[in-house]
Amino acid sequence: MVSSVNYIDRFTLSGGGIFDGQGKAAWSQNNCKDSKSCGNLPNNLSFNFLTNSTIQDITSQDSKLFHVNVNGCRNLTFIRVNITAPPESINTDGIHVARSSNVNITDCVIGTGDDCISIGDELEQLHITRVTCGPGHGISVGSLGKTPGEKPVVGVYVKNCTFINTDNGVRVKTWPASHQGVVTDLHYEDIIVQNVTNPIVIDQVYFPYNQCNKDLPSQVKISKVSIKNVRGTSRTQDAVLLLQKKGVPCEGVEIGDIDIAYNGKEGPAKSRCENVKPTFVGKQNPTVCLWSSTA
């Protein structure tokens with residue numbers, strides 16, 4: 001099942017149906033580690049250049065690649081969309097949004113083998129509210145910086161969301177040795193994490209499968225980031241990871257009211273910071289790094 005909807009104003013898709021991609025047979029072929037063509041499988045649903053449109057009360061199941069791909073849309077809303085696939089479904093992002101503006105994702109349940117929601121370049125004003133994510137890799141801005149000419153990501157708001165048994169919670173990822181880019185106005189508030197491996201991650205050293213030189217700095221500028229009222233449990237000690245390169249470090253990062261517990265034998269939850277100086281408000285558990293290291 002592959003469906004593409006293109007160049008429509010005031011489009012509505014609703015009705016409780018299931019888009020079944022029957023992806024199980026394809027996931028073993030989607031090996032990005034060894035193949036440069038790993039992204040050639042079809043998405044379940046693609047929405048291109050829609051305006052003033054609504055997608056609601058549908059289910060996407062077992063996509064071969066992305067469940068929902070959003071490109072070039074304006075004023076697009078997703079309400080009560082259910083996305084489901086097992087953890088082993090490789091590169092099956094729930095909703096991927098890029099080159100779009102004023103997109104709303106509300107009251108959705110997303111469990112898949114990759115990012116629940118992934119955010120590409122040229123994105124303005126994305127609001128994600130009351131989304132439950134798990135399994136999956138979390139809600140991710142990026143990865144960014146791999147391709148020349150990427151346009152800015154401006155205005156991502158994630159509020160009242162829950163992550164259950166995911167690899168990450170809120171995450172920003174950029175490539176080292178990257179092309180220039182801009183990410184600004186990212187705001188996360190009222191987040192619950194339950195048994196999440198890395199609840200909070202800003203990573204400028206993202207290099208899967210050793211595809212680049214990790215020692216060269218990222219050139220993607222990240223600024224105006226706030227992370228407030230995140231509470232719950234971490235699957236590892238690394239509750240907060242702020243990993244920046246010296247080249248273009250983050251600016252204007254504010255973290256407040258963090259309460260994340262880890263009860264493993266290694267000890268309590270901790271944070272790790274490299275080349276970043278956040279501003280702190282409210283409770284800090286674990287205590288977020290108070291200075292920038294040069295690691």
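Modeller: What follows covers the cysteines, then the core and the sheet. Keep in mind that this is a predicted model.

Start with the bonded pair. A search of the whole structure finds 1 disulfide. Its partners are Cys 116 and Cys 133, with an S to S distance of 2.1 Å. That falls within the 2.5 Å cut-off for a disulfide. A disulfide is a covalent bond between the sulfur atoms of two cysteines.

Where do Cys 116 and Cys 133 lie? Cys 116 sits in the loop between strand E12 (109-111) and strand E13 (117-119). Cys 133 belongs to strand E15 (residues 132-133). The pair therefore ties together parts that are 17 residues apart in sequence. The torsion about the S-S bond is about 80°, so this disulfide is right-handed.

The cut-off for buried is under 20%.

Now Cys 73. The closest cysteine sulfur to that of Cys 73 is in Cys 108, 15 Å away. That is too far for a bond. Cys 73 counts as buried, at 2% relative accessibility. Cys 108 is in no disulfide either. For Cys 108, the nearest cysteine sulfur is that of Cys 161, at 9.5 Å. Cys 108 is buried, with a relative accessible area of 1%.

The largest nonpolar core has 67 residues. Phe 47, Phe 78 and Ile 105 have the most contacts inside this core. Strand E19 (residues 181-196) gives the largest share of the core, 6 residues.

Last, the sheet, which brings back strand E13. An open sheet is formed by 10 strands, in the order E1-E4-E7-E10-E13-E16-E18-E20-E22-E24. The pairing is parallel. Strand E1 (3-6) and strand E24 (270-274) are the edge strands, and each pairs on one side only. Neighbouring strands of the sheet are turned by 10° against each other on average, direction ignored. Leu 241 has Arg 272 in E24 as its bridge partner.

Conventions: Residues numbered from 1 in each chain as written. Predicted model: local features only at pLDDT ≥ 70, side-chain atom pairs only at ≥ 80, totals over all residues. Heavy atoms only, no water. Helix = DSSP H or I, 4+ residues; strand = E, 2+ residues; numbered from the N terminus. Buried < 20%, exposed > 50% of the residue type's maximum accessible area, 1.4 Å probe, protein only. Core = buried A, V, L, I, M, F, W, Y, C linked by side-chain atoms within 4.5 Å. Pairing = 2+ DSSP bridges. Axes fitted to C-alpha atoms, helices over the stretch in contact; angles between N-to-C directions.
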